[in-house]
Amino acid sequence: MIQKFKNKRIAVVGAGLGGLCLAQGLKKNGISCMIFEKDAAMNIRTQGYRIRINKPGRNALKECLPENLYTLFLETCAASTTGMRVFNTSLEESKNELVESWSDGVKEMPDLKPNRLTLREILLHGLQENIQFGKELVSWKELENEETELLFADGTQYIADLVIAGDGVHSKIGAEQCKDQKINTGNITIYGRTFFTDEAKDQIASALHKGTSVILGEQFSLITDAMEFNFPLKNESWNLLAPMENYFYWAFIGNPEAFGLSQSDFYSQSPEEVFECIHKLTDRWHPKLKALFKYADKQSLSITPIRSSLPKKQWKSGSITALGDAVHTMSPAGGVGANTAFIDAALLTENISAALMKNTSIIEAVADYEKKMRIYSNHAVEMSLRGGEILHGTTEKNS
Ligand SMILES: Cc1cc2nc3c(=O)[nH]c(=O)nc-3n(C[C@H](O)[C@H](O)[C@H](O)COP(=O)(O)OP(=O)(O)OC[C@H]3O[C@@H](n4cnc5c(N)ncnc54)[C@H](O)[C@@H]3O)c2cc1C
């Protein structure tokens, strides 16, 4: 049976969280695939810092990862607590029932907080022979027998029996094959981190040293998370990973105007200029709160527009599909984009494995995945937009 699986050419486009999770799931079921990643190497750019994994996301990871990697994932998460504390910019604790009622997991099983790069390294482990870097998909051609020819920017091609695009928010396959339409919400996120140096810890309010805190401002919010890792004295598995340090993760989410930026100019800002905007915005904040930015890692700053997919309608299923942000982009305000990508990966793994095992139609397996995914991803997108409205007010939708 394994031999037959090997003959199916499955291509995964994009080695992001979703694509790698799928490749792990297929491998666990004896199915090989080839992953094509645009970047020249794994760690070439930052893609965020902490990522919150909820119960469905954790279950999907458990299904896809071999036991040793799933254990390593659990061990490398930062210490978790439940419940978010809400403050104003003077660091007075306040009540906001909507924020406080956000699911943060239950006491026995709080949401998990891995360092994003570490999670990606774990997901890549054991797949080195299945991945080609420097392969940017530029177009594709449907051939006979449901084969697809993928064409890459370096002029090379690959012919696949099944293509799964996990190539993120700008995916052409997501837009064309799966008819995914995305809008600009008009809001942005600015995120970075601040290492736990003695000086920073001393100057940053102790209330922020544990768990998640939300600071509500006008037309924006700031979310902070203390990322404190439980470094083992000796554990061989940790040697597989790039060294980590404890840090405060922080992310602003809101209207560019709240930062003194116009809708059109924030793309062209240098990190120094963005820091300048943050310093102006936080000038009158409590000193123990704005210390987060005084001691911030200057390299860590990122700014991105918040995009969101429109509700999806049915399309004709075939041997080309998509998962994750490629087919359902959502505001980070809901904290479920990656979790939904993991659910996609687990469902695709299950359906593809069953079809190959029973020798039934792969296209039906894909159609069943797409049917279910449309329902849960529409719900996740909607929930994320509502989360954004709590954090920064109403969304303006521009295409
Ligand atoms: C600030 C912030 C905080 C977030 N926090 C959370 C959170 O706490 N929890 C949560 O669940 N989600 C969170 N998200 C959302 C989450 O990051 C995404 O939903 C998730 O990364 C999607 O994974 P993906 O695999 O679909 O795409 P990505 O992780 O974006 O991966 C896409 C991959 O495809 C590659 N690629 C792109 N184009 C091509 C091409 N043409 N050819 C080949 N390869 C290509 C890219 O280089 C990349 O490696 C957050 C997002 C942001 C911005």
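1. A residue is called buried when its relative accessible area is under 20%, exposed when that area is over 50% and partly exposed in between, with a 1.4 Å probe and protein chains only. By that criterion 17 of the 22 residues of helix 11 are buried, so helix 11 is largely enclosed by the rest of the structure.

2. The model is predicted, and local features need pLDDT of at least 70 while side-chain atom pairs count only at pLDDT 80 or more, although totals for chains, interfaces and linings use all residues. Residues are numbered from 1 along each chain as its sequence is written, and side-chain values use heavy atoms, with hydrogens and water left out.

3. Helices (H or I, at least four residues) and strands (E, at least two) are DSSP runs numbered from the N terminus. For helix 11 (residues 337-358), 22 residues at 1.5 Å a residue should span 32 Å, and the end C-alpha atoms are 32 Å apart, which agrees; the expected span is 1.5 Å times one less than the number of residues. Asn359, which follows helix 11, has a positive phi, near 60°.

4. Thr212 lies in strand 12 (residues 212-216) and is buried, with a relative accessible area of 3%. Its side chain makes a polar contact of 2.9 Å with that of Asp225, a polar contact being a pair of N or O atoms within 3.5 Å, of which, within protein, one must be able to donate a hydrogen and the other to accept it, and residues adjacent in sequence count only if both atoms are side-chain atoms.
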